[in-house]
Amino acid sequence: MAGVSRLQYATDIRLVRVMCSGRVDLEFVLRAFSNGMDGVFIGGCRLNECNYITHGNYDALNMVLLGRRILEHIGLNPARLRVEFMTSGEGNLFTEVVDDFSKAINELGPLGKSEGLDEDELSSKLAEIRKLVPYIKIEKREKLAARLKNKEEYDGLF
């Protein structure tokens, strides 16, 4: 195509495949940030269309909502953590969503820098919050198990 150029993003994407998005633990997400990842994207089955009887995609949604609040609390932009739901047959949608997420992360820049956090301060905050994850999960277990019908109800959950 003459005259059409496609933007190139310098995003390094690492895929970690799990059987269910509900298997993604908050500790894994925080570890990714501790290891220098600029963003974490979780893709799962559509809500109410679980491949298993567990409906783990609700667990993933609740974990991401809690994780975003934690990121905000320690001074990171919550947009660095995202969850989307789609079917395995929606390859084009997956590509668009990942492209959009990569673009957003590139605009945010390196982890902590755009938020004005020094590298040592950020490492310390992430290390401390990772120690608290088991206690947070106990304290928030009822909310983490919620299966709300309305997307708007999730806005105020955490």
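Select Leu-157 to begin: in this predicted model, Leu-157 sits in the segment after helix 6, which covers residues 151-155. Is Leu-157 buried or exposed? Its relative accessible area is 12%, so Leu-157 is buried, the cut-off for that class being under 20%. Now display its surroundings. Setting aside residues up to four places away in sequence, Leu-157 touches Asn-62, Lys-143, Ala-146 and Leu-148. For a sense of distance, draw a line from Leu-157 to Ala-127. The two residues are 30 places apart in sequence, and their C-alpha atoms are 25 Å apart in space.

**Ser-21 and its contacts**

Next, select Ser-21, in the segment before helix 1. Ser-21 counts as buried, with a relative accessibility of 8%. Which residues does Ser-21 contact, leaving aside its neighbours within four places in sequence? They are Ile-42, Gly-43, Gly-44, Gly-56, Asn-57 and Ala-60.

**Helix 1 against helix 2**

Select residues 26-34, which form helix 1, together with residues 56-73, which form helix 2. Two packed helices are described by the angle between their axes and by the distance between those axes. Here the axes come within 10 Å and cross at roughly 40 degrees. Helix 1 is therefore oblique to helix 2. The crossing in which helix 1 passes helix 2 is right-handed.

Show the side chains where these two helices meet. Helix 1 contributes Leu-26, Val-29 and Phe-33 to the contact, while helix 2 contributes Met-63, Leu-66, Gly-67, Ile-70 and Leu-71. Colour them by class: this contact of helix 1 with helix 2 has 7 nonpolar residues, 1 polar residue and no charged residues.

**Helix 1 against helix 4**

The crossing of helix 1 past helix 4 is left-handed.

At this contact, select Leu-26, Glu-27, Leu-30, Arg-31, Phe-33 and Ser-34 in helix 1. They meet Leu-126, Ile-129, Arg-130 and Val-133 of helix 4. Colouring by class again, the contact of helix 1 with helix 4 divides into 6 nonpolar, 1 polar and 3 charged residues.

**Salt bridges**

How many salt bridges does the structure hold? There are 11, and several of them can be visited in turn.

Start in helix 1 with Glu-27 and Arg-31. Their side chains meet in a salt bridge, with a distance of 3.8 Å from N to O. The two residues are 4 places apart in helix 1, so about one helical turn separates them. Glu-27 is buried, at a relative accessible area of 17%, whereas Arg-31 is partly exposed, at 36%.

Move on to helix 2 and select Arg-69 and Glu-72. This pair forms a salt bridge whose closest N and O atoms are 3.9 Å apart. Arg-69 and Glu-72 are 3 residues apart in helix 2, so they too are separated by about one helical turn. Both residues are partly exposed: Arg-69 has a relative accessible area of 46%, and Glu-72 has one of 47%.

For another salt bridge, select Arg-46 and Glu-90, whose side chains meet at 2.8 Å, N to O. Which parts of the chain does this pair link? Arg-46 belongs to the loop between strand 1 (40-44) and helix 2, and Glu-90 to the loop between strand 2 (81-85) and helix 3 (91-108). These are distant parts of the chain, with the two residues 44 apart. Arg-46 is partly exposed, at 29% relative accessible area. Glu-90 also counts as partly exposed, at 24% relative accessibility.

**Gly-91 in helix 3**

For the last stop, select Gly-91, found in helix 3. Gly-91 counts as partly exposed, with 37% relative accessibility. Draw a line from its C-alpha atom to that of Asp-118. These residues are 27 apart along the chain, and their C-alpha atoms are separated by 38 Å.

Terms used: Residues numbered from 1 in each chain as written. Predicted model: local features only at pLDDT ≥ 70, side-chain atom pairs only at ≥ 80, totals over all residues. Heavy atoms only, no water. Axes fitted to C-alpha atoms, helices over the stretch in contact; angles between N-to-C directions. Parallel < 35°, antiparallel > 145°, perpendicular 65-115°, else oblique. Left-handed = near helix turned anticlockwise from the far one by under 90°. Contact = heavy atoms within 4.5 Å. Nonpolar A, V, L, I, M, F, W, Y, C, P; charged D, E, K, R; others polar. Salt bridge = Lys/Arg side-chain N within 4 Å of Asp/Glu carboxyl O. Buried < 20%, exposed > 50% of the residue type's maximum accessible area, 1.4 Å probe, protein only.
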